[in-house]
Amino acid sequence: MVIQEDCPTYSPGETYESVLFQAALAAKWKEPPRDALDTMVLKTSGQDLSKCDVYTQLDFTPFDPRTKRTEGKLQGPDGKIFRITKGAPHVILNMCHNKDEIKHLVDSKVHELGTRGIRSLALARMDDEDGKWRMLGILTFLDPPRPDTKHTIEMCNKYGVYVKMITGDHLVIAKETARVLGMGSAIFGADGLPVLGEGGSVPDDLVDQYGTKICPADGFASVFPEHKYLIVETLRKAGFRVGMTGDGVNDAPALKRADVGIAVQGATDAARAAADI
């Protein structure tokens, strides 16, 4: 991931530097980075993390693929307590007290960036004094596919392996990535995908209800971990032999359920344990 200096801001006085610094406060800056986004913010951005040490982190909520954000509760050197959250722009926007006023600005910017393959990480802050979240800004970054990805997909297609994209990324980013990789344009959002039932039960009618949506699609965006698992299960019940690649803890159930689970380079221990390769 390569961070960009293009940083649209939505609160008075905020700059690229101030937004980047507050992103570090919404991470465990004294510990090794927990994921690629924290690595970008804490390691590759080049900022001086010693400036964070005058703050006391009172609480921290790590990234959750369901909420799509992290949150830190901090006390500043002046004794005041505040919270910083970072995550998917649409999630952070919906938390802000003035979301209706800035929604068109944020949505149009995220869409414009996505069409150029640029990803977005939004930040917001809430001071305990007023209890209102306000949007700070959007950090932008590049996370292009590996150089050999397109060739790998072409070889898969040549040998009769149909490749689908399943990602938590924004739909615009997913479509642009699919275009670059030559994967097809039938990329859809998560609306209408199957979900687990009560107690985590798998629906009985996956193929009948969802087969016509899942089987012909080139991919799905903005998905949750349960979607990945159920897409794999739908394809298996439809008669396909399914391989699944992944690297995160939340990929583990789908990796384990696939006929061939493949943990990619840099995968977590949980993903490696669930995979066959």
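## Salt bridges along and across the chain

Partly exposed residues are those whose relative accessible area falls between the buried limit of under 20% and the exposed limit of over 50%, and at 31% relative accessibility glutamate 112 therefore counts as partly exposed. In this predicted model, glutamate 112 forms a salt bridge with lysine 109, with the closest N and O atoms 3.3 Å apart; because the two are three residues apart in helix H4, about one helical turn separates them.

The count of salt bridges comes to 20. One of them joins the side chains of lysine 80 and glutamate 129 at 3.4 Å, N to O, and this pair links distant parts of the chain, 49 residues apart, with lysine 80 in the loop between strands S3 and S4 and glutamate 129 in the loop between S5 and S6. Lysine 80 is partly exposed at 45%, whereas glutamate 129 is exposed at 64% relative accessibility.

## A buried pair

Aspartate 251 and lysine 228 meet through their side chains in a salt bridge of 2.6 Å, N to O. Aspartate 251 lies in the loop between strand S10 and helix H9 and lysine 228 in helix H8, so the pair ties together parts that are 23 residues apart in sequence; both residues are buried.

## Arginine 125 in strand S5

Arginine 125, which lies in strand S5, is buried, with a relative accessible area of 18%. Its side chain makes polar contacts with those of glutamine 22, at 3.2 Å, and aspartate 127, at 3.0 Å.

Note on methods
Residues numbered from 1 in each chain as written. Predicted model: local features only at pLDDT ≥ 70, side-chain atom pairs only at ≥ 80, totals over all residues. Heavy atoms only, no water. Helix = DSSP H or I, 4+ residues; strand = E, 2+ residues; numbered from the N terminus. Buried < 20%, exposed > 50% of the residue type's maximum accessible area, 1.4 Å probe, protein only. Polar contact = N/O pair within 3.5 Å; in protein donor to acceptor, adjacent residues only side chain to side chain. Salt bridge = Lys/Arg side-chain N within 4 Å of Asp/Glu carboxyl O.
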